Amino acid sequence: MNQLREYYERRELLSNLVLRELRSRYKRSALGWTWSLLNPLSSVLIYWVVFGVFLKVKAPIGDPSGQGNFVLFLLCALIPWNFFSNGVTQSIESLVVNAGLIRKVYFPRELLVASTIGGLLVTFLIELGVVITVLLIAGNMVLPWLPIVVLLVILQTLLVLGIGLLLSGANVYFRDVRHFVNLLMPMLFYSTPVVYPISYVPVNWQVAGRSIPLRSIYEMNPLVQLVSAYRALLYDLTFPSIGSLAYIAVWSIGLVLVGQFVFNRLDHRLAEEV
Amino acid sequence: MTAAVIVDHVSKRYRLYHERNQSLKASLLRGRRARYEDFMALDDVSFEIKEGTTFGLIGENGSGKSTMLKCMARILRPDGGSITTRGKVSALLELGAGFHPELSGRENVYLNGAILGLSRREIDALFDEIVDFSGIEQFIDAPVKNYSSGMYVRLGFAVAINVDPAVLLIDEVLAVGDQEFQNKCTDKINQFRSEGRTIVVVSHSLSSVGDLCDEAALIEHGHLVKVGPASETIDHYLSEILSIDPATLGIARRSTGEIKLQGVELISVNGAASDVVELGESVTFRFHYDVKESVESPVFGMSLTSSEGALVTGTNSKDQGLLTKVSLGLGYVDLVVPRLLVAKGRYHVTGTIYDSTQKTPIHEVGNLHTFEVVAGALRTSGITSLGGVWRAGA
């Protein structure tokens, strides 16, 4: 509760730090903000060619949208994934990058984590806007689902914030947290149905004569639920299951609480250690 | 009177790592934790700073005074005890600490203001004043990375000072910028004092603490040694820790105690002591000393510093091959200057006595004496005069 009040009291600073993040990101680059759209565009192109064309991954026909375009199928999951991946990797670095500030001025240090994520959230929302426009042009009437998309974005932001708070403090003490996360990220990417439909994951997996319920284990990953929920809303035009939304919410709120708790513990000697 | 800052049994421990485990691997290989020793930067320090006073923190390097200030600024959290402050606290620890080099001065003013706790509307209202104070109107929309270090610091100071704090914490940052800006800063601080705000200063300069502060605390090796009226605390520091008689003019930097410099006199041509010398006149610097233990051929040195703090010149007795013999008790040594060829202005004399190896200073006193050079028959521009005479060609 205290933390919430602190965030609220320093909202001006938060928005200023987010602005700093946004203003400085593409300073001195000729293309400027175009980069924030070029980056996802290039990854869409790569995944479409490799998975859609070479490996012939078939996008399932959206029910009830009837949509079957692989690029659209990809976009609905890839854009939220990018927000997750960039949010986690950059927020982990946020304290170390701002060491000078931490050593010389007092302000709630959580704001550095939050503002890094805030800056990425703005880019994410722009990208999402572009995706929604493309979907509308392709005939997917996504507008009625937008309120739930907003809810999903909020839950995802909390999820990223929780992980950021949890790991950014740890990264000050052990700089290899960042390397470890960089190692984990591709693993997470391929264990989340971004470039392939979830139906490609076998329900049961036979290993040495024993059957392992692979799909159920796979679905325990909150990112699987998150990406599937985005896809249900944007691609299939259907309501994601309440159970899956609740599952995401539990993870998000739980991680924020744990993250904030850990952050408070590590915050104590931050100015000395960073 | 109510207290603006209450320091209540504050302790701060630093960890001195022998081998720093900044990687998980190192940590796992060497056992769970890095080996470190605790170092008590502050040990059970308690004092109160009354509202509306100017308070100095003095002590030697590494004594813990800056740690104390950082604890007050909430940058560091004490391991034990607590610090209570009344009202908004603004710290001038490093000016422009929150500046982002790629952003313009204007953007940085808003950012830094927000870091210091101002709302957008408050900064809007203060913006003109801040820019005016910093004196860099024409560059306010240029990225700060193109600023000179002076401009950078001026803008940082302008933001920090305009935050309207109830308690202002200053860590020796005032020695920045040109003379004019320094005067502005001093005026602002005096204005703060007259407005009844509380100021806490950490400084090495005992004379500025003496001038500015009502009260002072002396911290030594993390312990509070003395707190009370500034002059008493400074005297205590001089006599107990630096072992110098506070009665001697100037403030000592180093002392081992065998010989002490008592002071310096400037003796003009007519034999009278005077602190005003005409450019090009003859003058004798007479250094008085007091020998406590016999020292074999000590070396006397002196240097002149301009009022801007620039070293003008320095000389010592050994350079001229003078072997001085000193006997116990009082004595003096003269530096005879046939023509004093430094431009008009105020100068500070630093006096040093070295042992014969010239490696160990026995006693060094900065700001031992101040005198003034005025233009006389000889005039010059710059910092020195050649003392030359113009003659018409054939």
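In the predicted model, four residues of domain 1 of chain B are in contact with four residues of domain 2 of chain B, two residues being in contact if their C-beta atoms, placed from the backbone, lie within 7 Å. On the side of domain 1 of chain B that touches domain 2 of chain B, two residues are nonpolar, two are polar and none is charged; Ala, Val, Leu, Ile, Met, Phe, Trp, Tyr, Cys and Pro count as nonpolar, Asp, Glu, Lys and Arg as charged, and the others, Gly among them, as polar. Domain 1 of chain B spans 1-87 + 194-241, domain 2 spans 88-165 and domain 3 spans 251-374, with bounds from an automatic or database domain assignment. The C-alpha centres of domain 1 and domain 2 of chain B are 27 Å apart.

This is a predicted model, in which local features need pLDDT of at least 70 and side-chain atom pairs count only at pLDDT 80 or more, while totals for chains, interfaces and linings use all residues. Residues are numbered from 1 along each chain as its sequence is written, and chains are lettered from A and ligands numbered from 1 in the order in which they are written.

The contact between the chains takes 21 residues from chain A and 24 residues from chain B. On the side of chain B that touches chain A, helix H1 (24-29) and helix H3 (105-115) of chain B each supply at least two residues; helices (H or I, at least four residues) and strands (E, at least two) are DSSP runs, numbered from the N terminus. H3(B) gives the largest share of this side, five residues. By class, this side of chain B has twelve nonpolar, six polar and six charged residues.

Within chain A, helix H4 (residues 70-97) and helix H6 (residues 110-137) pack at an angle of about 170°, their axes 9 Å apart. Axes are lines fitted to C-alpha atoms, for helices over the stretch in contact, and angles run from 0 to 180 degrees between N-to-C directions. H4(A) is therefore roughly antiparallel to H6(A) (angles over 145 degrees). The residues that meet include A:Leu72, A:Ile79 and A:Phe83 in H4(A) and A:Leu120, A:Phe124 and A:Leu128 in H6(A). The contact of H4(A) with H6(A) has 14 nonpolar, six polar and one charged residues.

In chain B, three strands form an open antiparallel sheet in the order S11-S13-S16, strands pairing if DSSP finds at least two bridges between them. Strand S11 (259-268) and strand S16 (329-337) of chain B each have a single partner strand, so one side of each is left without a neighbour in the sheet. S11(B) pairs with strand S13 (residues 283-291) of chain B in the antiparallel sense over nine bridges. B:Val264 has B:Phe287 in S13(B) as its bridge partner.

Terms used. Angles under 35 degrees count as roughly parallel, over 145 as roughly antiparallel, 65 to 115 as roughly perpendicular and the rest as oblique.
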